[in-house]
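Work through the exercises below with the sequence and the 3D view at hand. Each task is followed by a solution in steps.

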Amino acid sequence: MKKIMLVFGTRPEAIKMCPLVKEFQKRADEFETIVCVTGQHREMLDQVLKIFEVTPDIDLNIMKQGQDLTDVTVRILNGMRDVFKECRPDVVLVHGDTTTSTAAALAAFYAQIPVGHVEAGLRTHNIYSPWPEEMNRQVTGRIATYNFSPTPLSEKNLIEEKAVGKIYVTGNTVIDALHYVVNKLKSDEVIAKEQDAVLLNAGYDVTRLADGKKLVLITGHRRENFGDGFIRMVTAMKDLSEKYPEVDFVYPMHLNPNVRKPIHEVFGEDLTRPNFFFIEPLQYLEFVHLMSKATIVLTDSGGIQEEAPGLGKPVLVMRDTTERPEALESGTVHLVGTDYDKIMNEVSTLLEDAEAYAKMSQAVNPYGDGLACPRIADVLR
């Protein structure tokens, strides 16, 4: 029986790794499954674990106030060294491009334990965009014995880099997670109504969306956009909400003060507006619930570029580069950067031009069919 350890620490990692945990746990006759979390995102991580009913076996709980990336990396390296000495797994699985992923992969390499990289091969080829994620995933890709690539393009990136590990195209586990949550919401009216209530408590009443009312859902948190970029983004959002008073704009605000400060600079201290709703951060379940009701998603997130098209939602990405060019090619995503005019023009087009909207919303999602987790487990079996 193979001993598989899955290591993750942030909310996006947890969303994409929890369905994989469930898949290995279903195969208890083939795998011993160990879940180790670093706690890089504490509260947001715990929320996702609860939704998927995953209980960690090991929790490093590394976060302390005022840490920088060096502090986080050192604490994970030290913590994982001790974990590997005690558990000695056959394979360590990490996900994507976080500091948790890279530090855990490096610790496994030092312990000479094979690493499986889930969501391997995404690239912008610019080490500072996104920062530090692009370098994180490149480093992890050099270490990995097993590369589980979501698409043929990510496989091509690894082949061109002469990756040492074997490469398997599996689709993206985020679609597995999305299917799990959407089915949960559709099959249980009580849960759906609970999410309506949670959203109302957070500051947005979804009953406003009756009779075909449109909703622009906004998220923003990227480090490289902090400062002037965020000011331009938020200014465009404010002007769009004034241009389209009949459309609702909902922005779950990240807790980072670098996100909240420019919002207050542009909107003032009183954020109350008739059609713009600044709400507190959402858990994954209610975020998917709200995203399913949105008309357009305006974001600088990575994972949402994969998730929203799975729900038929056009995505405008407030970044200059993306490691997910498949979405650009398929037409489900457009890049608008932090350019005020681009944001204004693209959102306006999607709100006013039904043909342009249909072209984006009906494009095929290139990120998979929801069966990535079984494929990964089959490889490791």
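## Exercise 1: The surroundings of Thr332

Not counting residues up to four places away in sequence, Thr332 touches Pro309, Lys313, Pro314, Val315, Ala327, Met360, Ala363, Val364 and Pro366. The model is predicted.

Solution. 

## Exercise 2: Two helices in contact

Task: Describe how the axes of helix α8 and helix α11 lie relative to one another, and list the residues through which the two helices meet.

Solution. 
- Step 1. Two packed helices are described by the angle between their axes and by the distance between the axes.
- Step 2. Helix α8 covers residues 189–202 and helix α11 covers residues 284–293. Their axes come within 10 Å and cross at roughly 90 degrees.
- Step 3. Angles of 65 to 115 degrees count as roughly perpendicular, so α8 is roughly perpendicular to α11.
- Step 4. From α8, the residues in contact are Ile191, Ala192, Gln195, Asp196, Val198 and Leu199. They meet Leu285, Glu286, His289, Leu290 and Lys293 of α11.
- Step 5. Sorted by class, this contact of α8 with α11 has six nonpolar, two polar and three charged residues.

## Exercise 3: Salt bridges within a helix

Task: For the salt bridges Lys26 with Glu23 and Glu265 with Lys261, give the distance and the place of each pair.

Solution. 
- Step 1. Side chains of opposite charge can pair when their charged atoms come close.
- Step 2. Lys26 and Glu23 form a salt bridge through their side chains at 3.3 Å, N to O. Both belong to helix α1 (residues 11–26) and are three residues apart, about one turn of the helix.
- Step 3. Lys26 has 63% relative accessibility and counts as exposed, while Glu23, at 10%, counts as buried.
- Step 4. For Glu265 and Lys261, the salt bridge is 2.8 Å, N to O. Both lie in helix α10 (residues 257–267), four residues apart, about one turn of the helix. Lys261 is exposed, with a relative accessible area of 55%.

## Exercise 4: A salt bridge across the sequence

Task: Find the parts of the chain that the salt bridge of Asp378 with Arg27 joins, and state how many salt bridges the structure holds.

Solution. 
- Step 1. In the salt bridge of Asp378 with Arg27, the closest N and O atoms are 2.7 Å apart.
- Step 2. Asp378 lies in helix α16 (residues 372–380), and Arg27 in the loop between α1 and β2 (31–37), so the pair ties together parts that are 351 residues apart in sequence.
- Step 3. Asp378 is partly exposed, with a relative accessible area of 36%. Arg27 is buried, with a value of 12%.
- Step 4. The structure holds 23 salt bridges. A network of salt bridges links Lys16, Asp97, Glu119, Glu134, Arg137, Glu306, Arg319, Glu323 and Arg324.

Methods. Residues are numbered from 1 along each chain as its sequence is written. This is a predicted model: local features need pLDDT of at least 70, side-chain atom pairs count only at pLDDT 80 or more; totals for chains, interfaces and linings use all residues. Side-chain values use heavy atoms; hydrogens and water are left out. Axes are lines fitted to C-alpha atoms, for helices over the stretch in contact, and angles run from 0 to 180 degrees between N-to-C directions. Angles under 35 degrees count as roughly parallel, over 145 as roughly antiparallel, 65 to 115 as roughly perpendicular and the rest as oblique. Contact means heavy atoms within 4.5 Å. Ala, Val, Leu, Ile, Met, Phe, Trp, Tyr, Cys and Pro count as nonpolar, Asp, Glu, Lys and Arg as charged, and the others, Gly among them, as polar. A salt bridge is a side-chain nitrogen of Lys or Arg within 4 Å of a carboxyl oxygen of Asp or Glu. Buried means under 20% relative accessible area, exposed over 50%, partly exposed in between (1.4 Å probe, protein chains only).
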